[in-house]
Amino acid sequence: MDHLTKTENSVKWQSPSNIAIVKYWGKKGIQIPINPSISFSLSNAVTETEIVYTAKQSSNEVSLDFYFEGIRNHAFEDKILKYLTQIKSEFKLLTQYHLSIKSKNTFPHSTGIASSASSMSSVVLCLLSIEHKEKQLSKDEFLKKASYFSRLASGSACRSVYAGFSLWGKTGAIQSSSDEYAISLSEIHPVFYDLQDSILIVSSKQKKISSSAGHQLMSLHPYKEARIEQANQHSTQLINALKLGDFESFIRICETEALSLHALMMTSNPSYMLIEANSLKIIEKIRHFRNESGFELCFTLDAGPNIHLLYPKSNKEEITKFIKSELLVYCESDNWIVDEMGKGPKELNKAYYER
Ligand code: PMV
């Protein structure tokens with residue numbers, strides 16, 4: 001990069017958000033999930049992060065400045081500084097260089113899309129590119145490490161480092177699965193290759209209760225054991241459905257998971273609700289449309305009121321008509337985002353693992 005002086009260097013990655021079909025809800029120890037989860041990476045909802053690193057006098061401290069969409073952001077800066085300080089013994093670069101981190105999201109502002117998965121995984125991918133400039137790792141090792149460190153920053157971020165579907169958390173169904181990092185699910189039937197995700201924005205307001213608070217409330221939740229059992233069963237069933245192209249099971253698992261997640265919030269102590277009246281109206285409409293039309297489509301929700309409507313690309317035209325004529329009326333300012341399954345993260349100024 002021409003504008004950089006000799007002591008400066010930079011790396012740049014783009015990393016996606018992901019949507020979980022089997023939900024991670026509740027953790028133990030250091031970011032270890034109480035149950036396995038399965039998600040797919042999105043294509044349009046991505047964060048781009050550039051780290052400019054400048055050699056500094058040797059010190060034991062991490063030093064950085066953080067800019068979000070061109071403006072210094074002290075809240076994010078503090079969060080990232082805290083995280084990098086926790087992992088500084090694992091990355092020599094963190095005490096050798098001053099880091100100037102510039103991040104931007106390609107999805108619109110204030111649309112209620114959680115961005116910690118895309119943002120934290122993009123930061124970690126940049127760190128690994130710097131750390132491994134000379135020391136080469138295989139693509140698999142690189143992504144496993146990226147997933148491991150992304151998990152420490154934000155649980156669901158560990159699933160964002162792969163294209164398509166990934167699994168995080170130990171399950172008997174797949175021997176190589178782990179609580180410490182996600183793995184890519186490779187045995188996927190073609191009917192799931194081009195899944196669409198139309199995100200219906202019921203509300204873009206910041207949520208009242210953070211996911212971290214929600215995870216904590218699971219530790220004494222009266223339904224905790226039943227939830228762990230359910231998520232394990234759903235993971236095994238979903239892995240099979242994805243292999244076999246069984247869309248009917250996919251729909252059943254996906255919707256049960258979304259409603260279980262929100263039921264767990266309602267039955268936490270204290271109880272809280274993130275789903276809204278318009279989310280329920282949309283769910284009713286989707287189920288009615290499915291019964292009437294026979295199309296394969298289903299909904300899921302993250303920890304918020306917005307509805308992710310999932311369906312194969314072959315039904316896109318009819319489903320877009322249905323969204324416009326029947327669902328947008330329940331969305332905030334007719335707001336929705338068109339997305340689909342993505343190809344995972346990319347290094348923007350140098351294809352590190354494609355060399
Ligand atoms: O990664 P966190 O701590 O933001 O938690 C994410 C929780 C859900 O989005 C509700 C579920 C999931 O598996 O992504």
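Let me begin with a question: is cysteine 126 buried or exposed? Cysteine 126 is buried, at a relative accessible area of 0%; here buried means under 20% relative accessible area, exposed over 50%, and partly exposed in between, with a 1.4 Å probe and protein chains only.

A word on the basis of these values. This is a predicted model, in which local features need pLDDT of at least 70 and side-chain atom pairs count only at pLDDT 80 or more, while totals for chains, interfaces and linings use all residues. Residues are numbered from 1 along each chain as its sequence is written, and side-chain values use heavy atoms, with hydrogens and water left out.

I stay with the cysteines for a moment. The structure contains zero disulfides, a disulfide being a pair of cysteine sulfur atoms within 2.5 Å. For cysteine 126, the nearest cysteine sulfur belongs to cysteine 158 and is 18 Å away. Cysteine 158 is likewise in no disulfide, and with 0% relative accessibility it counts as buried.

I turn now to the charged side chains. How many salt bridges does the structure hold? There are eight, where a salt bridge is a side-chain nitrogen of Lys or Arg within 4 Å of a carboxyl oxygen of Asp or Glu.

One of them pairs glutamate 255 with arginine 287, and their closest N and O atoms are 3.2 Å apart. Glutamate 255 belongs to helix 7 (residues 247–266) and arginine 287 to helix 8 (residues 277–293), so the contact ties together parts that are 32 residues apart in sequence. Helices (H or I, at least four residues) and strands (E, at least two) are DSSP runs, numbered from the N terminus. Glutamate 255 is buried at 4% relative accessibility, whereas arginine 287 is partly exposed at 30%.

Glutamate 255 also meets arginine 290 in a salt bridge, at 2.7 Å from N to O. This second pair again links helix 7 to helix 8, across 35 residues, and both of its members are buried.

A further salt bridge joins glutamate 340 and lysine 313, with 3.9 Å between the closest N and O atoms. Glutamate 340 lies in strand 13 (residues 336–340), and lysine 313 in the loop between strand 12 (307–311) and helix 9 (316–327), 27 residues apart. Glutamate 340 is partly exposed at 25%, as is lysine 313 at 42%.
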